[in-house]
Amino acid sequence: MAISVTVTDSLEEVEADEFFALDQTLGATGSRGRLIQHSSDPRWEPRYVLVRDGARLRAAVPIFLGHGAQWSDQIHSPREWGCSAEPDQGKSALVGGRMEIRGSLRCADEADVLRAVAGQCASLAELRGRDIYLGYLDERQQRLAEAIFGPVEWLADYDDFTYPEEVVLGSLARLPRDIRQAIRHDERSIAEYGIKADVVPWRDYRGSGCELIAAHNKRKGMTDHPELVRYRMDQWDECDEVSVFVAHAVMGDQEGATTLLVYRDEVEPYEIG
C-alpha cells in the first residue's frame, strides 16, 4: 500500500474508532469529540496532518495555530511549563493537543509514517516563523516528537503512562494489596458514618456540586465560579462519545461531589468538591 499525506482543518474524514486506535491511553480528554470542541475556538486554528497506508489511518497529528498576542489560557501556558520567555500566541503553534491533561501526536511509531509527518510539517508554510510547543508528552511521545521535529528542549519530563494490567483486566482480588486495603477501608467508613451517595446524569443533576467544586478550586488557589464549573460540564455533556455523571454524597450536614466522564469502557473522575 502507498503512504498518503494530507493536511486538513477538521476531523470530519476520520472515524472515531480509527482515531482512538492511534492512542488508546488518553481517555475522554484526548477523544476525537473533545478535539473537535477545541477546534471551534477562533483563537486557535486547527490543522491535522493525516497519514494513511492505503485506507488505514497511521497518524492524525493535531496542530493548533495561535492568533492574537496574549496567551488565551493561563493554565495551559508555556510559562506554567517552565518557559522563561513571555509567549506570543500569534507566533506560536501547539502540537499534540491544546487543553488536554496529556498530549499525544497520535502517530504510529513506524519509520515511513514518521518521515511522512516530518516532511509535511517541514513544508507547512503556516508553521514557519512560529515557536512550536509540545505540551504534556510522556517519554514515548517525546521520542516520536524528536523523530519528527528534531532536537527539542523539554521543560518537563513525564513517565510513560500505562494502566497496570491487573487494574485493567483483574477483579478486586487481583488488585495490589494497598489498593484493596484502601477500598475496604472506604467501604467500612461509608457504612460506619452512614454516608449516602447517588450517581446522577449531569443533565438531570440539581445539587450543589458546582458550588462545591468552585469552592474547592478556590482553596487550591485557582480562579473559579459555580457558573464556570457548570459551563465546563455542559461542554463535556455536548461532547461526542462522552457521557457525564455526578456522584453526590451526603453525611449529616456535610456533602461532596465528583464529576465523572464515561468514555468507551472507562470511568474518569474529573473534578471534586
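Visitor: Which side chain does a polar contact of 2.9 Å join to that of Asp-224?

Guide: This is a predicted model, where local features need pLDDT of at least 70, side-chain atom pairs count only at pLDDT 80 or more, and totals for chains, interfaces and linings use all residues. Residues are numbered from 1 along each chain as its sequence is written, and side-chain values use heavy atoms, with hydrogens and water left out. A polar contact is a pair of N or O atoms within 3.5 Å; within protein, one must be able to donate a hydrogen and the other to accept it, and residues adjacent in sequence count only if both atoms are side-chain atoms. At 2.9 Å, the partner of the Asp-224 side chain is that of Arg-232.

Visitor: Where is Asp-224 placed?

Guide: Helices (H or I, at least four residues) and strands (E, at least two) are DSSP runs, numbered from the N terminus. Asp-224 also makes a side-chain polar contact with Asn-217, at 2.7 Å. Its place is the loop between α8 and α9.

Visitor: Is Asp-224 buried or exposed?

Guide: Buried means under 20% relative accessible area, exposed over 50%, and partly exposed in between (1.4 Å probe, protein chains only). Contact means heavy atoms within 4.5 Å. Leaving out residues up to four places away in sequence, Asp-224 touches Ile-213, Ala-214, Asn-217, Lys-218, Val-229 and Arg-232. Its relative accessibility is 6%, so Asp-224 counts as buried.

Visitor: How are α8 and α9 set to each other?

Guide: Two packed helices are described by the angle between their axes and the distance between the axes. Here the axes of α8 (residues 209–219) and α9 come within 8 Å and cross at roughly 110°; axes are lines fitted to C-alpha atoms, for helices over the stretch in contact, and angles run from 0 to 180 degrees between N-to-C directions. Angles under 35 degrees count as roughly parallel, over 145 as roughly antiparallel, 65 to 115 as roughly perpendicular and the rest as oblique. So α8 and α9 are roughly perpendicular.

Visitor: Which residues of α9 meet α8?

Guide: The α8 side brings Cys-210, Glu-211, Ile-213, Ala-214 and Asn-217. Their partners in α9 are Pro-226, Val-229, Arg-230 and Arg-232.

Visitor: How many residues of each class are in the contact of α8 with α9?

Guide: Ala, Val, Leu, Ile, Met, Phe, Trp, Tyr, Cys and Pro count as nonpolar, Asp, Glu, Lys and Arg as charged, and the others, Gly among them, as polar. For α8 with α9, the tally is five nonpolar, one polar and three charged.

Visitor: What covers the buried residues of α8?

Guide: The buried residues of α8 are Gly-209, Cys-210, Leu-212, Ile-213, Ala-214, His-216 and Asn-217. Their cover includes α9, β7 (242–251), β8 and β9 (266–272).

Visitor: Which side chain does Asp-234 contact at 2.9 Å?

Guide: Asp-234 sits in α9 (residues 226–237). Its relative accessible area is 35%, so Asp-234 is partly exposed. The polar contact at 2.9 Å is with the side chain of Trp-202.

Visitor: How are α4 and α5 set to each other?

Guide: The axes of α4 (residues 111–123) and α5 come within 8 Å and cross at roughly 55°. The pair is therefore oblique.

Visitor: How many nonpolar residues does the contact of α4 with α5 have?

Guide: From α4 come Leu-114, Val-117, Ala-118 and Cys-121, and from α5 come Leu-144, Ala-147, Ile-148 and Phe-149. No polar and no charged residues take part; the nonpolar count is eight.

Visitor: What phi does Tyr-136 have?

Guide: Most residues other than glycine have a negative phi. Tyr-136 lies in the loop between β5 (131–133) and α5 (139–149). It is buried, because its relative accessible area is 19%. Although not a glycine, Tyr-136 has a positive phi of about 60°.

Visitor: What phi does Glu-241 have?

Guide: Glu-241 is in the loop between α9 and β7. It is partly exposed, at a relative accessible area of 30%. Not a glycine either, Glu-241 has a positive phi of about 80°.

Visitor: What share of the protein's residues is buried?

Guide: The protein has nine helices and nine strands. Of its 273 residues, the buried share is 43%.
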